[in-house]
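Please take me through this structure in the viewer, one selection at a time. Tell me what to select and what is there.

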Amino acid sequence: MDSNKQVPVTVLTGFLGAGKTTLLNRILTEQHGKKYAVIVNEFGEQGIDNDLVVDADEEVFEMNNGCICCTVRGDLIRILSGLMKRADKLDAIIVETTGLADPAPVAQTFFVDQDVADRTKLDAIVTVADAVHLSSQLTDHHEAEEQIAFADVVLLNKIDLVDESGLEAVKERIRKINPFAKIINTTKCGVSLNEILNLDAFSLKRVLEVEPDFLESDHDHEHDDDVTSLSFVSDTPLDMEKFQDWFSKLLQTKGQDILRTKGILDFTGESDRYVFQGVHMLMDASPMGKWPEGKVRSSRLVFIGRNLENMNLKEGFENCKSA
Amino acid sequence: MKADLNKFPELNKTKFENRGKELRLGIPVINSVVIGNSIAVGFGDGTIRIFKAGQSSEPIKAHNGIVLCISKDGDDIITGGDDGRFLRISLNGEISEIANFGSRWVDHVTANNGSLVCTSGNNVYLWMAGRKEPKILEHESTIGGVAFDSKGRRLAVSRYGGVTLWKKDYSNKWKSSNLLWKGSHNKVIFSPDDRYLVTSMQENQLHFWRLKDKTDSTMSGYGAKVKSFAFVHDTKFLVTSGSNDAVCWPFDGIGPEGRQPICLPFVGNKLVTFVEPFPNENAIFTGLSDGSVFLSEIEKSSNTIIIRSFTESEVTTISVTEDGSSILIGDMAGNILWTSIWDEENK
């Protein structure tokens, strides 16, 4: 499918009061001459200034395919399929979720539903976070952690209300959960719109460009179910068969706890780079051309999830190295 | 010189295209409904057009956004839109609003035997004959489809987790029972003999229940979602889209369980996107993802003729007039063919 014909969809997450509606209204008023559809939840904040606002129910469906964590947003499938039948073409679609929504079913909808995948593409998940309250929200609510874990961009809002050390602490916490996410400091969501729109963050090409802050494995978090990230690098080429065997078993058995994965892989005997990115058990993977000349070929693999330290990830990855 | 991309080749047109009327509207065709020998078509810009033999069709502005669904109530067209309106439109084009749900979409409409139904979100709104106010039938999830049985005494409502079957008792009270099957159910239909209920699912499969004993089973093996399906020739076959073949499941006798479907192939390995029975014949019209449409006899697949050549846009509707004389074909790019089926000398 020609990606130019796919309408980009930006997902806005964040807790109530973080500033989602402020951001939404900024997008709608500053992008003159563009046609947007905005999908909002019925419990959301009011006052969205757009012609085309659609109410959604945040209805999460389990797919009947034997995969327990494979959930999709049924209402999104219905609404996106409907919007694609409009005579006037949309420039973009923005989905606002409630503060308590898990972003996984939203992202998975774009992997699972063929009609949605043919005509739209997930552009990025943008999480609006309140610099004052994020830390306590992360401690108290699973959903806040998930929204940070899935974010391509974290808009850290209301930074004028915290001091410098407080700001650093909250950023450190975000980076521990998600080293990929770009953190943008704002007051009143004042951000250049090209930093949050048309990012194409879910394309494999973008995986190649993202250089996460590689963090050492971290054992000092407070609860076992905290979301953290782990990354691995190897200059030794990997054995494709061993890797596929390990990785598919890992996702099948631990997919519920693994929220997001991304990787660039160097396989023995292959001239192309293999790139993948996934949400829970769902995966998009493809060879992405030759390794750049003169650069060291190395495999990089990043996991974001819960209980990662109990999955023997390091050992599993080491075992994939070609003998 | 530049090629005009809006025009597809004029060569190799079928005789049906040559003698019919073709429109290039550029507006997605959503669906159509047959009322006698007229056909009403709903479009993605909120208009409908009514096609009658020998007359030109003018657009009628019905909804502000999209005509999401179209059906009929007697000789009237009924439509639902993303502007939240549920409309009745006469064949002369007069519009009256039955209900308005504001920002909530009206996703499905149907009618039978004096009862009128639309759905919005989780609710079915049911107008009984002569009543001004609808009865609201609530469900726990968004409704994927609605269908009345042939007499209008039972209403099937598909949803997440199965079908809610509403039945009118003799004191005209509606009572519900559940037919459960895990997953999200979309379109639902009764078989013409009312013995079976069939749904298409979010997964690439169909599910059916035999109503007398509530036994159920799945029809799977499709490469895509099954969006179009219909019973042929009373209840002899269920024809389905969602594969490169038109897949025809036998529903005569003991039903489809343990039996193989008849698969009607087409050249080019394109996805079947729409199927429509030929009234009173053991034959179907099949529309493909490249816009081509074929007529095939079900049990003699060699007997297939091409009705419309490709347009490079998926077929989204096919309707045949009640007398079987004319056919209307529409696609996602807004190309319409409205033509007679029979050659002059065979009429």
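Predicted model: local features only at pLDDT ≥ 70, side-chain atom pairs only at ≥ 80, totals over all residues.

Residues are numbered from 1 along each chain as its sequence is written, while chains are lettered from A and ligands numbered from 1 in the order in which they are written.

**Stop 1: a helix in chain A**

Select residues 240-254 of chain A, which form helix 9. Helices (H or I, at least four residues) and strands (E, at least two) are DSSP runs, numbered from the N terminus. Helix 9 of chain A has 15 residues and spans 20 Å from first to last C-alpha. Now pick out its buried residues: Phe243(A), Phe247(A) and Lys254(A). Buried means 20 or more other C-beta atoms within 10 Å of a residue's own, exposed 12 or fewer, with C-beta atoms placed from the backbone. Look down the axis: the buried residues fall within an arc of 65 degrees (directions from the axis to the C-beta atoms), so they line one face of helix 9 of chain A. On the other side, Glu241(A), Ser248(A), Lys249(A), Gln252(A) and Thr253(A) are exposed.

**Stop 2: where the chains touch**

Show both chains. Here 24 residues of chain B are in contact (C-beta atoms within 7 Å, placed from the backbone) with 17 residues of chain A. Strand 16 (residues 174-190) of chain B gives the most to chain B's side, with three residues.

**Stop 3: one residue of that strand**

Select Val188(B), in strand 16 of chain B. Val188(B) is buried, with 24 other C-beta atoms within 10 Å.

Technical notes. Expected span 1.5 Å × (residues − 1). Contact = placed C-beta atoms within 7 Å.
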